[in-house]
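Visitor: I have the sequence and the structure open. Please take me through the labels and tell me what backs each one.

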Amino acid sequence: MTFHTIVCIKAVVTHAPKGRIVRAADNSCFNPFDRVALEAALQLKARTGGRITVLSMGPSTCEAVMSEALAMGADRAVLACDPAFAGADTLATSTTLAAAIETLVPYDLVLFGTRTADSDTGQVGPQTAVALNIPLVTGVHQLVYADNQLEVQRTMDHLVESFEVDFPAALTIRPEALQPRDIGLGGLAEAFDDGQVERLRLADLALSSDQVGEAGSPTRVVSMRPLRQDRQGQFLEGEPTDLADQLIHQWMEKGLLD
């Protein structure tokens, strides 16, 4: 049996728009945390063989990110793309991804980044695993395939936990676990010119319109805005005793010390 890994990726918003969030080519990029998950899949494939499918949900502008994933080494790219999916929160997104994964069976492993750079919830991976009813280990920093079984490690509360995972299963990969590979210009050109991004519509999934998009979302993103930074850093130079005197002087001027 060919080992099949599905990596769920996202085109994240790079800056906060005014009003409703609309993902476009000029304000989206490959979620950096998902790059690490794809790198884990590529390294696993190098040791065990098999194939890698990248899966995402979003508008047609997400195809650029899918092509990047193909350029990194993924074998297949599938985009769940339908106006009905617009406005999805993490629950509706997970529901859609799980239904899309069911169309890609058989699969052995589903990988996620720990979070996304725009919403930063860390919910989609666990919610999708629950919807698929498969085991999940989060925050993995090491994975080894042996004897048709996966051995993974994660660090939680200053303890290293080791797990043996049967298939199919899902993992979220810690961002520091691996360094994603660079993409050569030749690989990019080939992926963008020849790479085929397949699309799944709502009609292709075993879902109704009230389970996806805004209709299937119990939460709403009202707006996004840049964080205002009021604090400024300051570097002090000198010997330790001089630095202490400078700090005390500044604190007294600001009324922080009597």
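Guide: Start with the rings: Phe-3, Tyr-145 and Phe-167 form one aromatic cluster. This is a predicted model, where local features need pLDDT of at least 70, side-chain atom pairs count only at pLDDT 80 or more, and totals for chains, interfaces and linings use all residues. Residues are numbered from 1 along each chain as its sequence is written, and side-chain values use heavy atoms, with hydrogens and water left out.

Visitor: Why is the pair of Phe-3 and Tyr-145 called edge-to-face?

Guide: The centres are 5.3 Å apart and the planes stand at 70°, so the pair is edge-to-face. Helices (H or I, at least four residues) and strands (E, at least two) are DSSP runs, numbered from the N terminus.

Visitor: What makes Phe-3 and Phe-167 a pair, and of which kind?

Guide: Their ring centres are 5.2 Å apart and the planes are at 85°, so this pair is edge-to-face. Phe-167 sits in the loop between β9 (159-165) and β10 (169-173) and Phe-3 in the segment before β1, so the pair ties together parts 164 residues apart in sequence.

Visitor: How do you know whether Phe-3 is buried or exposed?

Guide: Buried means under 20% relative accessible area, exposed over 50%, and partly exposed in between (1.4 Å probe, protein chains only). Phe-3 has 9%, so it counts as buried. Tyr-145 has 26%, so it counts as partly exposed. Phe-167 has 21% and is therefore partly exposed.

Visitor: How many residues of strand β1 are buried?

Guide: Five of the five residues in β1 (residues 4-8) are buried. His-4, Ile-6 and Cys-8 point one way, and Thr-5 and Val-7 point the other way. In a regular strand the side chains alternate between the two faces of the sheet.

Visitor: What makes β1 and β4 paired strands?

Guide: Two strands pair if DSSP finds at least two bridges between them. β1 and β4 (residues 51-57) have five bridges, in the parallel sense. Ile-6 stands opposite Thr-53 there. β1 also pairs with β6 (residues 109-113) in the parallel sense, over three bridges. In that pairing Thr-5 stands opposite Leu-109.

Visitor: Why is the contact of Lys-45 and Asp-75 called a salt bridge?

Guide: A salt bridge is a side-chain nitrogen of Lys or Arg within 4 Å of a carboxyl oxygen of Asp or Glu. Lys-45 and Asp-75 meet at 2.8 Å, N to O. Lys-45 is in helix α1 and Asp-75 in the loop between α2 (63-72) and β5 (76-80), 30 residues apart. Lys-45 has 24% and is therefore partly exposed; Asp-75, at 42%, is partly exposed.

Visitor: Which residue forms a salt bridge with Arg-76?

Guide: Glu-198 does, with the closest N and O atoms 2.9 Å apart. Arg-76 lies in strand β5 and Glu-198 in strand β11 (residues 197-200), so the pair ties together parts 122 residues apart in sequence. The whole structure has nine salt bridges.

Visitor: What makes a space a cavity, and how many are there of 30 Å³ or more?

Guide: On a 1 Å grid over the protein atoms alone, a cavity is a set of points where a 1.4 Å probe fits but cannot get out; lining residues have an atom within 4 Å of a point. Grid points are joined across faces, edges and corners, and a volume is the space filled by probe spheres set on the points. The count is one cavity of 30 Å³ or more. The largest cavity has about 30 Å³. Its lining includes Phe-3, Thr-5, Lys-45 and Gly-49. α1 gives the most to that lining, with four residues.

Note on methods
Phe/Tyr/Trp six-rings, centres within 6.5 Å; stacked < 30°, edge-to-face > 60°. 1 Å grid on protein atoms, 1.4 Å probe; cavity = no way out; pocket = protein on both sides within 12 Å on 5 of 7 lines; lining within 4 Å.
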